[in-house]
Amino acid sequence: MIKDMSGSKKAGDHPVADAAWPARGAGAARRKDGMGRAGVLLIVCLFTLPFMALLFGGRAGALAVWQNAAKLPVMGGGLLNVSRQSAAGADELFGGLLSPGSDRRACLSRYQSPHYYKHSPYAPSPHLLRKLRDYEARHSRCAPGTRPYAKSVDHLRSGGSSSKEDAECNYVVWIPYNGLGNRMLSLLSTFLYALLTDRVLLVHSTDDFTGLFCEPFPGANATWVLPPDFPVADMSWLGVGSNQSYGNLLDGKKIADDPAKATAQSVPPYVYLHLAHDLRRSDRLFYCNDDQLVLAKVNWLLVQNDFYFVPALYDMAEFEAELRKLFPAKESVAHLLGRYLFHPSNSVWGMITRYYHTYMAQAEERIGVQIRMFSWATIPVDDMYGQIMACSRQEHILPDVVDGDAAASSSHVHGGSKSKAILIASLQADYYDRIKSTYYEHAAKGGGMVGVFQPSHEERQIMGQRPHNQKALAEIYLLSFSDVLLTTGASTFGYMSSSLAGLRPTMLMVPEDGKVPEPPCVRAVSMEPCFHMMPDVECRGKAVNKEELSRHVKECEDVGKGIKWIKGIKLFD
């Protein structure tokens with residue numbers, strides 16, 4: 001086994017989901033006989049149950065509905081077929097983005113999720129479709145269990161240089177790090193890098209990452225999971241100080257920095273790319289064109305990263321032209337690749353759909369609200385709630401309320417307004433309690449029923465536990481099924497939700513100096529996530545296009561995504 005223990009394990013944060021998800025199984029039963037009048041009555045009751053329990057039962061009533069939700073036979077049954085998203089006849093392959101023929105039972109979300117998304121603003125380009133089909137063929141040839149993979153691993157295990165046989169299959173191994181939003185954006189970026197460099201993406205699947213997603217690539221043996229006998233040991237402990245990091249190899253002159261001098265025989269059998277938030281200047285040379293030409297000769301690249309680095313790829317001469325052909329609309333990258341790559345596992349998909357059909361499906365409009373309080377930008381709960389409501393009034397997100405006699409008359413008028421479900425995603429329960437109380441104590445302007453729901457409120461972040469990551473993933477997808485989104489600036493959790501949704505969200509500005517920002521929020525001009533780390537490096541040969549990156553940075557700042565370009569600050573979801 002090859003070990004590199006010179007790096008140090010890093011700690012991070014991620015938001016996780018809460019306590020009582022509806023239990024599995026009970027909601028899946030379906031009656032085979034006709035529904036009759038009793039069935040019609042049942043549907044009417046079920047339509048109003050979540051809203052009535054919320055409005056008249058307070059928190060205790062809402063929790064009772066939550067805990068009993070799995071007992072409702074309709075959850076896995078007939079209402080799925082009458083919901084408006086199923087009736088819409090969604091394109092199950094997202095315009096050819098997904099390949100047909102995968103086992104539907106092995107991954108239910110792959111073909112069911114298109115029926116839940118409300119927006120699909122961009123079709124994949126023909127060039128992207130060809131690139132994905134080519135990648136799938138390459139992955140099938142080179143995946144674990146194939147002869148090329150075995151030969152590449154043998155060369156790696158022996159410590160020898162790459163051979164001509166290795167040239168057929170080059171690999172990039174993604175190592176999970178930090179919160180779930182960070183991980184998803186990092187993995188998506190790494191997959192795009194694999195597409196651009198004709199590599200095969202493999203995932204070092206730690207225990208807390210296992211069981212979250214289906215295998216994304218078609219083919220019975222086309223796994224993306226790196227086998228446990230991979231010869232580089234303790235990969236999760238790789239870090240900025242690791243001997244095999246690209247920066248340290250350059251500093252120690254153990255790899256050529258000139259592409260004319262680097263050969264497949266002269267480079268190491270593997271290189272670790274430390275691209276996380278604490279990368280050093282020499283690590284940042286990854287973003288230089290000449291360094292990419294050197295790395296192209298390395299058979300195995302191991303990557304650890306915790307942010308979205310696609311904007312930097314656009315500004316490298318090696319990739320720029322290809323990226324513009326793949327994604328004519330720049331803001332479509334995370335949207336299209338997210339829908340291609342991420343398909344929740346059957347266990348997570350069950351959590352998502354049970355909750356959705358119990359609380360959200362019957363509403364005519366769904367409003368997702370994601371609230372994240374960063375440790376480096378905190379304000380009192382009262383102030384944060386005030387910011388949320390000020391933003392809602394400014395951008396007309398949550399339903400307006402009426403007082404007094406107007407409320408009494410309005411409560412009897414439902415025809416003129418849509419019923420609305422508000423989904424709150426937050427570590428804290430305070431915002432849910434306050435927003436729920438608002439619609440309990442006041443009628444919505446124009447009538448119409450309003451339900452307020454929160455799947456979880458962990459109160460604190462918990463790392464390294466699979467069940468919490470499963471519930472966090474479920475919340476990301478529930479948010480992505482919204483008609484309208486309000487997210488928190490600089491939150492990768494929010495970035496991932498809006499990218500999957502295909503929405504330009506309204507974003508809460510991040511507080512500065514302990515004060516509520518003014519304005520409280522702005523509408524994003526792009527659904528693309530922000531790049532949280534400027535390369536800030538002088539490249540040999542052609543430099544990074546700093547003008548283009550500066551435009552991206554200013555765009556992120558201007559739309560209120562709260563980015564602070566301060567070295568050492570940790571921007572997590």
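Helix 6 covers residues 147–158, and its end C-alpha atoms sit 17 Å apart. That agrees with the 16 Å you'd expect for 12 residues at 1.5 Å a residue, where the expected span is 1.5 Å times one less than the number of residues. Keep in mind that this is a predicted model, where local features need pLDDT of at least 70 and side-chain atom pairs count only at pLDDT 80 or more, while totals for chains, interfaces and linings use all residues. Residues are numbered from 1 along each chain as its sequence is written, and side-chain values use heavy atoms, with hydrogens and water left out.

**Helix 6**

- Helices here are DSSP runs of H or I with at least four residues, strands are runs of E with at least two, and both are numbered from the N terminus.
- The buried residues of helix 6 are Pro-148, Tyr-149, Ser-152, Val-153 and Leu-156 (buried is under 20% relative accessible area, exposed is over 50%, and partly exposed is in between, using a 1.4 Å probe and protein chains only).
- Looking down the axis of helix 6, those buried residues fall within an arc of 130 degrees, so they line one face of the helix; the arc is taken from the directions from the helix axis to the C-beta atoms.
- Over on the other side of helix 6, Arg-147 and Ser-158 are exposed.
- Gly-159 follows helix 6 and has a positive phi, near 80 degrees.

- Most residues other than glycine have a negative phi, and most peptide bonds are trans.
- Asn-178 is not a glycine, yet its phi is positive at about 75 degrees. You'll find Asn-178 in the loop between strand 2 (170–175) and helix 7 (180–197), and it is buried at 3% relative accessible area.
- Asp-513 also has a positive phi, near 55 degrees. Asp-513 is in the loop between strand 13 and strand 14, and it is exposed, with a relative accessible area of 76%.
- The peptide bond from Glu-518 to Pro-519 is cis, with omega near 0 degrees. Pro-519 is in the loop between strand 13 (506–508) and strand 14 (521–523).

**Salt bridges**

- Side chains of opposite charge can pair when their charged atoms come close.
- The structure holds 16 salt bridges, each being a side-chain nitrogen of Lys or Arg within 4 Å of a carboxyl oxygen of Asp or Glu.
- One of them joins Lys-131 and Asp-198 at 3.9 Å, N to O. Lys-131 lies in helix 5 (residues 126–142) and Asp-198 in the loop between helix 7 and strand 3 (199–203), so this pair ties together parts 67 residues apart in sequence. Lys-131 is buried at 17%, whereas Asp-198 is partly exposed at 42%.
- Arg-183 and Asp-208 meet at 3.1 Å, N to O. Arg-183 is in helix 7 and Asp-208 in the loop between strand 3 and strand 4 (232–233), so parts 25 residues apart in sequence get tied together. Both Arg-183 and Asp-208 are buried.
- Glu-331 and Arg-504 pair up at 2.5 Å, N to O. This pair links distant parts of the chain, 173 residues apart: Glu-331 is in the loop between helix 11 (320–326) and helix 12 (333–341), and Arg-504 is in the loop between helix 18 (492–501) and strand 13. Glu-331 is buried at 9%, while Arg-504 is partly exposed at 45%.
- Salt bridges with shared partners join Lys-131, Arg-138, Asp-198, Glu-322 and Lys-325 into one network.
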